[in-house]
Amino acid sequence: MKSKDSVIGSVITTDKVRPKQVEHEGEVLLEMVYTVSDKSGKIKTQKTELGHSFLQNFIIALFGFFARYHCPDDDLVDTGGTSRTGSPTYSTSGPAYSDEVFDCNAPSTNDDFGVLIGTDDTAVDIADYALGAKIIEGSGSGQMNYGSHSTVSPVSDVGNTYSYAGITRTISNNSGASITVKEVGLVWSSYWDTSATRYFLLLREVLGSPISVADGEILTVTIRVKCFC
Amino acid sequence: MKAFLTIKKQNDIVIKQPARSFLIAFPALLARQFMQSEDITIQSIEGTPRSEDKASHMCYCCSPGGYGYTIQMGISGSYGDYLKVQNQGIVIGSDLTAVDPDNYSLNTQINSGEGAGEILYCGTSVHGLTYEDVGDTGSFKILGIFKNISGGSIDIKEVGIYAVGDAGTGAYTNFCILRDVISTISLADGEYLEVEYTISIAS
């Protein structure tokens, strides 16, 4: 059903940037794993950071999904900056009966939702509704090719101190030049207030240190929702 | 994100402490929803592995029946029955075994009822959503109320949250997303207990 995380896969470099000590008993953090590979799949660098930047959209939506039928309408701000008044009842029982609670599984080439990256390092504000400067899909200057997503299966450690699960996405640089990635977000596709699809930013992390992705290289971003106990 | 646990007995605070133990079902439910996928298996509170597809319910833990948002005590009939459910919302138990992130239920749940060793579950509400840009914080509360009318005293040693994680087939599945072992609380006959988790974020 799941595995115990006793061994992390072999990497060339791994470093913990922030926080430096794992002293987060009771907390739910975002363990961000950034892996840069060449076209052959050979890992060049891998870096792990602990983040915590759940946004206002996330806590509102989570409240809604805990309360379900009993949630009053509330405002989420979509990635275009427009406030949308709705509820999870519409989201999950709308015209398509989509069941799309927290759907982040965007297909390849889609840069509207899912794991997205950007080049802005402005500090995270809980009211952020979009990345500061999203890298858009494409092979032109400053663009990257978004791949599909895959699951990070549930894992707990041998010492019984944490568990996690999450989502991962590969993003390729075919722009002809190096691109520096400074921020990562997770965007949810939803019917929140209407039958029109809305996109809401749930998480945003500014990298502890930027990652340079050379032309031809592939960046894999893994977001683990990690619970310490 | 973190949780804070406050427990009142007869309206007096007896426990006030950070909650320690989100269990593996919580990130697993989130990941399943992120991926809209059936390739994540999660153990239900019965210990049964479940791997349903994307769900309309993720962490639904109000008392069912449409009356969970505001707790209503002392309601009889079908509405009262809804509030007495013991597989959804805040739950209480009597075991002190340390938390393991793989726990899929309380170790020894106290059943809802009026018989010996039972405590009446009076419903769970989800309420108090607040968020502010100034302080970069947001939170909401999950409150469960319990009353002992069993005729004897009962010790409470563990608390947790059971949440409905899916209803894709029309059959609810319940998952334990949080469990905390606490200092023993003796609840005498006639006394009531309020167990409240505050879930919060700060960016």
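These legends describe close-up views of a predicted model. Local features need pLDDT of at least 70, side-chain atom pairs count only at pLDDT 80 or more, and totals for chains, interfaces and linings use all residues. Residues are numbered from 1 along each chain as written, chains are lettered from A in written order, and side-chain values use heavy atoms, without hydrogens or water.

**View 1. Chain A overall.** Chain A holds two helices and eleven strands (DSSP runs: helices H or I, at least four residues; strands E, at least two; numbered from the N terminus). Their order from the N terminus is β-β-β-α-β-β-α-β-β-β-β-β-β. Of its 229 residues, 56% are buried (under 20% relative accessible area, 1.4 Å probe, protein chains only).

**View 2. The largest nonpolar core.** This core has 105 residues (buried Ala, Val, Leu, Ile, Met, Phe, Trp, Tyr and Cys joined through side-chain atoms within 4.5 Å). F102(A), I117(A), W188(A), I223(A), M1(B), F140(B) and I156(B) touch the most other members. Helix α1 of chain A, residues 56-67, gives the largest share, nine residues. Another core, of seven residues, lies apart and includes L29(A), L50(A), V155(A) and F228(A).

**View 3. Around F140(B).** Neighbours within four places in sequence are left aside. Contacts of F140(B) (heavy atoms within 4.5 Å) in chain A are I59(A), L62(A), F63(A) and F66(A). In chain B, its contacts include V126(B), H127(B), L129(B) and Y197(B).

**View 4. Helix α1 of chain B.** This helix spans residues 25-35, and eleven of its eleven residues are buried. Among them are F26(B), R32(B), Q33(B) and F34(B). Just after the helix, Q36(B) takes a positive phi of about 50 degrees.

Technical notes. Buried means under 20% relative accessible area, exposed over 50%, partly exposed in between (1.4 Å probe, protein chains only).
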